[in-house]
Amino acid sequence: MRVQDIRIGETYQVKVPQRLPSALHTRYPRTRTEFAADMRLQQHRGDRFELTVTDIAPETATVDGYEATTNRVTLRLTAEQAELLELPADPEYEIDGFITDTEGNEAILAATVTYAGLPATWLRPLEEPVRIAPSTARFYRARVQAQATGMTAQDITRAAADAKEHQRDVAGQALDSYRAEQWLRIAEVQHQEWRRISALMTDTTRKTYALQNDPEAIAE
């Protein structure tokens, strides 16, 4: 957003890039509050969170604000960790859950995290929808096609119904989570692709689905 469009006291969604500017994690001296904010920002890389703006610096096009926190966190796996778990190389993986102690008791975190000097360009209106990149949509379409290969028309119809139900489930979660809203966009792509393949099977009256018979198949 443009800094002149931001208002103190209003809440925005902050779209954090995967790679943070060095200026945001090499600031000194670092107080306990600054360190906590930097650690939290690292957890938000590639994701979004809600920020209530408390101050605006037009000369640097940055804002200060606070985030109401929970003990829910997401940890992105490194390539080495994914390999140890024998996961396919693509896509990247995350562990999403809650912070607890070894006895299963939920950890209690500070009520808010205070940020200083966040770029105003990271801010978006709360009502702006989350979108996925065309390359991401292409990846999930290709994955549906791979799953459908060799399936009968009846099996594909059932898979399309399952994908629709999954989309509905994720839609409920998306009301409270930007991360779930991103999952919803993916679920929508998958459901649409299953429906397209199901319609193709009906139109062509073929017994099983094969990529070579699909004019919209995605080449590897």
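How many aromatic pairs does the structure hold? The structure holds two aromatic pairs, where rings of Phe, Tyr and Trp (its six-membered ring) pair if their centres lie within 6.5 Å, and planes under 30 degrees apart count as stacked, over 60 as edge-to-face and the rest as tilted. This is a predicted model, in which local features need pLDDT of at least 70, side-chain atom pairs count only at pLDDT 80 or more, and totals for chains, interfaces and linings use all residues. Residues are numbered from 1 along each chain as its sequence is written, and side-chain values use heavy atoms, with hydrogens and water left out.

**Aromatic pairs**

| Pair | Centre to centre | Angle between planes | Class |
|---|---|---|---|
| Phe49 and Tyr115 | 5.1 Å | 35° | tilted |
| Phe139 and Tyr140 | 5.0 Å | 90° | edge-to-face |

Helices (H or I, at least four residues) and strands (E, at least two) are DSSP runs, numbered from the N terminus. Phe49 and Tyr115 are both buried; buried means under 20% relative accessible area, exposed over 50%, and partly exposed in between (1.4 Å probe, protein chains only). In the other pair, Tyr140 is buried at a relative accessible area of 13%, while Phe139 is partly exposed at 30% relative accessibility.

Five strands form an open sheet in the order 6-3-2-1-7, with antiparallel pairing; two strands pair if DSSP finds at least two bridges between them. Strand 6 and strand 7 (123-124) stand at the edges with a single partner strand each, so one side of each is left without a neighbour in the sheet. Strand 1 (residues 11-15) runs antiparallel to strand 2 and is joined to strand 2 by five bridges. Opposite Phe49 in strand 2 stands Val14.

Helix 1 (residues 32-43) lies across strand 2, strand 3 and strand 6, and runs at about 75° to strand 6. Contact means heavy atoms within 4.5 Å; axes are lines fitted to C-alpha atoms, for helices over the stretch in contact, and angles run from 0 to 180 degrees between N-to-C directions.

**Positive phi values**

Ala61, in the loop between strand 2 and strand 3 (62-68), has a phi near 55°, a positive value in a residue other than glycine. Ala61 counts as partly exposed at 35% relative accessibility. Thr205, found in the segment after helix 5 (178-204), also has a positive phi, near 55°. At 65% relative accessibility, Thr205 is exposed.
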